[in-house]
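Biologist: I would like to go through the labels on this model one by one. For each, tell me the value and the cut-off behind it.

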Amino acid sequence: MLLLHFGVVLFVVGGLALVVAGNRLGWAWVNSVGFRIAHLVAIGVVIAQAWLGQVCPLTTLESWLRVKAGSASYSRSFIEHWVQRVLFYEAPWWVFTLAYTVFGLLVVAAWWYFPPRFSKPGHEDGA
């Protein structure tokens, strides 16, 4: 569950980096509608949860699974230990809400600056 959570975070953060870098490098796939909508929805969910004061459902599920397994704490592998340190740190809720909101505004700015392509592959202008 922790690795799935890490994958979602990587998609949200890395997705914006891919859009910017991909447009600079001429990678057309980074502007595909499916990728861009999935990325926008992902950051939108994170922002909504932060503004509503909700805990991420992946965090809730992970905690529930730990309790069902009968352990409040567990011994972690090296990888799990460091993945958890990357994902979870202590700060007031408002810090996360502000960070998620600013990041979401950057994603929206990327939609404006690097608009997604709504045409089918091979049907772009001049093709």
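**Labels and their cut-offs**

Biologist: Why is F96 called buried?

Modeller: F96 has a relative accessibility of 15%. Buried means under 20% relative accessible area, exposed means over 50%, and partly exposed lies in between, with a 1.4 Å probe and protein chains only. At 15%, F96 therefore counts as buried.

Biologist: What should I know about the model before going on?

Modeller: This is a predicted model, in which local features need pLDDT of at least 70 and side-chain atom pairs count only at pLDDT 80 or more, while totals for chains, interfaces and linings use all residues. Residues are numbered from 1 along each chain as its sequence is written, and side-chain values use heavy atoms, leaving out hydrogens and water.

Biologist: How many helices and strands does the chain have?

Modeller: The chain has 5 helices and 0 strands, in the order α-α-α-α-α from the N terminus. Helices (H or I, at least four residues) and strands (E, at least two) are DSSP runs, numbered from the N terminus. Of the 127 residues, 24% count as buried.

Biologist: How many aromatic pairs does the structure hold?

Modeller: The structure holds 6 aromatic pairs. In one of them, the ring centres of F96 and Y100 lie 6.1 Å apart and the planes are at 35°. Rings of Phe, Tyr and Trp (its six-membered ring) pair if their centres lie within 6.5 Å; planes under 30 degrees apart count as stacked, over 60 as edge-to-face and the rest as tilted. So the pair of F96 and Y100 is tilted. Both residues lie in helix α5 (residues 93-113), 4 residues apart, or about one turn of the helix.

Biologist: Why is Y100 called partly exposed?

Modeller: Y100 has a relative accessibility of 31%, so Y100 counts as partly exposed.

Biologist: What makes the pair of Y113 and F114 edge-to-face?

Modeller: The planes of Y113 and F114 are at 85°, with 4.7 Å centre to centre, and the pair is edge-to-face. Y113 has 51% relative accessibility and therefore counts as exposed, whereas F114, at 12%, counts as buried. Ring pairs also link F11, W27, W29 and F35 into a cluster.

Biologist: How do you know that the length of helix α2 agrees with its number of residues?

Modeller: The expected span of a helix is 1.5 Å times one less than its number of residues. For the 20 residues of α2 (residues 33-52) this should be 28 Å, and the end C-alpha atoms are 28 Å apart, so the two agree. The 12 residues of α3 should span 16 Å, and the end C-alpha atoms of α3 are 16 Å apart, which agrees as well.

Biologist: How do you know that the buried residues of α2 line one face?

Modeller: The buried residues of α2 are F35, R36, H39, A42, I43, I47, Q49 and A50. Seen down the helix axis, they fall within an arc of 170°, so they line one face of α2. The arc is that of the directions from the helix axis to the C-beta atoms. On the other side, G34, V41, W51 and L52 are exposed.

Biologist: Which helices do the buried residues of α2 pack against?

Modeller: They pack against α1 (2-25), α3 (57-68) and α5; contact means heavy atoms within 4.5 Å.

Biologist: Which residues make up the largest nonpolar core?

Modeller: The core has 11 residues: V12, L16, V19, F35, A42, I43, I47, F103, V107, A110 and F114. A nonpolar core is a set of buried Ala, Val, Leu, Ile, Met, Phe, Trp, Tyr and Cys residues joined through side-chain atoms within 4.5 Å. α1, α2 and α5 each supply at least two residues of this core, and the largest share, 4 residues, comes from α2. Setting aside neighbours within four places in sequence, A110 is in contact with L16, V19, R36 and P115.

Biologist: Why is L40 called partly exposed?

Modeller: L40, in helix α2, has a relative accessible area of 32%, so L40 is partly exposed. Not counting residues up to four places away in sequence, L40 touches V107, V108 and W111.
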